[in-house]
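I opened the structure today to look up a few things.

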Amino acid sequence: MIKHRNIHHLRRIATANPQSFHSATTTADDHDEQLLSNIKSKSELLKSYTVTPPIKPWPQKLTTKRLCSIIAQQQNVDLALQIFHYAGNYHPNFRNNYDTYQSIIHKLSRRRAFEPINSLLKELRQSQTKCGEDLFITLIRNYGIASKPKEAIRIFLEINDFGVQRSVRSFNTLLNALVQNKKYDSVHIMFKNSRKRFDIVPNVFTCNILLKALCKKDDVEGAVKVLDEMPSMAMVPNVVSYTTIMGGYVDRGDMVGAKRAFNELLDRGWLPDATTYTVLMDGFCKLGKFIDATKVMDEMEENGVEPNDVTYSVMIEALCKENKSGEALNMIIDMLEKKYVPSSGLCCRVIDALCREGKVDKACDLWTILLIKNCTPDNAILSTLIHWLCNEGKIWEARKLFDEFDRGSIPSVLTYNTLIAGMCDKGELCEAGRLWDCMVERGCPPNSFTYNLLIKGFCKKGYANEGIRVLEEMLDKGCPPNESTYSILIKGLCESGCEADISNVLNVVASRNVEIKSDSWKVLVDKFVANRGSTGVTLERILSAKSSIETANSSIETTSAT
């Protein structure tokens with residue numbers, strides 16, 4: 001209110017006497033200049049303001065370790081950045097250092113929030129803070145994960161600008177990032193220039209990365225040549241080197257070459273590890289030579305090498321392809337006994353393999369075993385098992401399984417849809433409706449597939465009019481129908497002898513300016529061409545509705561173009 005009266009007061013002065021208005025404003029400006037002149041430095045100016053900390057409570061005594069911990073705990077990267085800047089600019093007697101810069105850059109790059117990083121690096125360089133290489137290694141690695149190989153190269157080239165000597169550690173990190181992004185030629189170029197351009201002496205890990213790049217680009221011969229030259233570079237090829245060459249041969253389907261590399265590894269006095277054996281087994285499995293893969297696994301166990309989770313996964317996948325679901329189940333149980341956790345996808349494949357062979361009960365046993373071993377099944381496993389139980393007509397067992405899962409986890413849209421589909425298929429529309437209500441109450445919005453299931457279920461039971469109401473609700477909820485929605489409903493109306501209601505459906509569609517795909521019109525044409533004599537009036541209504549839809553769609557296109 002005070003400001004409001006002053007503004008009007010100044011307006012009255014300006015209107016009555018322009019000279020006096022100029023005098024009043026000049027006096028105010030002089031007063032502000034006098035106040036500012038008393039503040040001689042930026043620090044004093046900052047002290048004249050009270051800046052609110054970005055989080056509360058803000059620690060009175062702030063240490064580097066405490067700030068790094070606070071930054072690491074933040075889920076919001078913008079808030080983490082605010083905390084970093086507030087600590088460096090406003091907290092008494094505190095300055096950001098290498099550790100705090102490393103903490104915030106690690107947080108940002110890991111969350112792929114790269115935009116502020118360049119300005120942070122600029123601040124770090126200008127502050128002449130003594131830096132270490134770890135910050136840049138983290139940044140190079142995260143740029144590689146984020147599919148930004150050019151940025152990874154740029155950071156590597158700028159390391160020396162911060163007073164840090166590049167080492168083979170950052171070099172190897174860069175090469176790995178390039179391999180991740182399929183820049184195999186760049187790996188070779190960087191390797192050739194490592195000594196001359198970057199003053200870096202490659203080690204055996206560097207050579208192994210180069211071998212990997214060459215094998216990935218299907219230049220196994222070049223990789224073998226590098227392997228042979230490693231002793232002349234004062235490096236001894238290790239198990240990883242030979243395993244990488246074996247992987248190159250396996251990718252080609254050349255098991256003779258893979259076996260030759262394996263034997264050379266043994267001749268050099270190295271002991272194969274689980275990865276080496278797994279690569280060999282994978283090669284045989286890919287060629288359908290399951291017996292040979294089994295022999296390798298037996299040899300592996302005889303030599304005292306324990307299979308790892310990848311080994312089990314390779315063999316279980318192969319058993320499923322060979323329709324040996326019982327053996328696959330036994331192996332996944334063995335895997336669980338060894339404290340390895342099978343992936344959701346692997347469990348689903350074993351369940352599929354068991355159920356295709358009619359062993360649905362065994363698939364349910366796997367569910368129980370997973371629970372006993374504290375490996376909680378997820379929605380993918382549940383949906384797969386529900387699908388097969390419903391296929392077998394065991395819809396109430398599927399419902400029981402769903403309820404058991406629902407007590408400790410949140411079912412997904414896919415899980416709800418799978419069970420609703422089973423209920424609708426068996427004509428249990430009331431139960432399907434209850435699941436629908438539960439789905440909505442739990443905050444899991446139905447999608448177009450869910451609506452289609454209900455429409456199809458109602459039509460199948462001869463309640464096509466209920467299907468129309470489901471369509472109306474679908475449109476009211478803003479869920480766009482897909483190509484099959486209308487064809488399901490129109491086909492259901494035709495089969496229920498409710499041809500007259502088809503025009504109602506088309507009118508609903510026309511009123512909402514929705515496009516109907518050609519599949520739905522094909523259903524109508526097939527129906528009325530087969531019954532030309534008795535459906536002339538209905539067909540005339542439908543064509544009239546179709547004309548309305550086309551006019552509405554044309555109007556929309558014209559408006560959009562305008």
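I started with the term: a pocket here is an open set of grid points where a 1.4 Å probe fits, with protein on both sides within 12 Å along at least five of seven lines. The model I am reading is a predicted one.

**Entry 1, largest pocket.** I looked up how much space lies in the largest pocket. The value is about 340 Å³. I then went through the lining and found 18 residues. Lys212, Lys216, Thr243, Thr244 and Gly247 lie nearest the centre of this pocket. Which helix gives the most to the lining? I found that α14 does, with seven residues. Helices α12, α14 (239-252) and α16 (274-286) each supply at least two. I sorted the lining by class and got six nonpolar, seven polar and five charged residues.

The lining residues I listed are Phe84, His85, Gly88, Asn89, Arg95, Asn96, Tyr101, Glu123, Ser127 and Thr129. Helix α5 (residues 77-90) is the top contributor to this lining, with four residues. By class I have two nonpolar, six polar and two charged residues.

**Entry 3, helix α11.** I checked which residues of α11 (residues 184-192) are buried, and the answer is Tyr184, Val187, Met190 and Phe191. Viewed down the axis of α11, these buried residues fall within an arc of 120 degrees, so they line one face of the helix. The general rule is that an α-helix has 3.6 residues a turn, so residues three or four places apart point the same way. What covers the buried residues of α11? My list includes α9 (149-158), α10 (168-180) and α12 (204-216).

I looked for disulfides, using a cut-off of 2.5 Å between cysteine sulfur atoms. The count is zero. Cysteine 131 has a relative accessible area of 14%, so I logged it as buried. Cysteine 390 is buried too, at 8%.

I placed glutamate 264 in helix α15 (residues 255-267). How exposed is glutamate 264? Its relative accessible area is 26%, so I wrote down partly exposed; buried would need under 20%. Last, I checked glutamate 264 against tyrosine 242. The two are 22 residues apart in sequence and 8.1 Å apart in space, C-alpha to C-alpha.

Note on methods:
Residues numbered from 1 in each chain as written. Predicted model: local features only at pLDDT ≥ 70, side-chain atom pairs only at ≥ 80, totals over all residues. Heavy atoms only, no water. Buried < 20%, exposed > 50% of the residue type's maximum accessible area, 1.4 Å probe, protein only. Arc of directions from axis to C-beta. Contact = heavy atoms within 4.5 Å. 1 Å grid on protein atoms, 1.4 Å probe; cavity = no way out; pocket = protein on both sides within 12 Å on 5 of 7 lines; lining within 4 Å. Points joined across faces, edges and corners; volume = space filled by probe spheres on them. Nonpolar A, V, L, I, M, F, W, Y, C, P; charged D, E, K, R; others polar.
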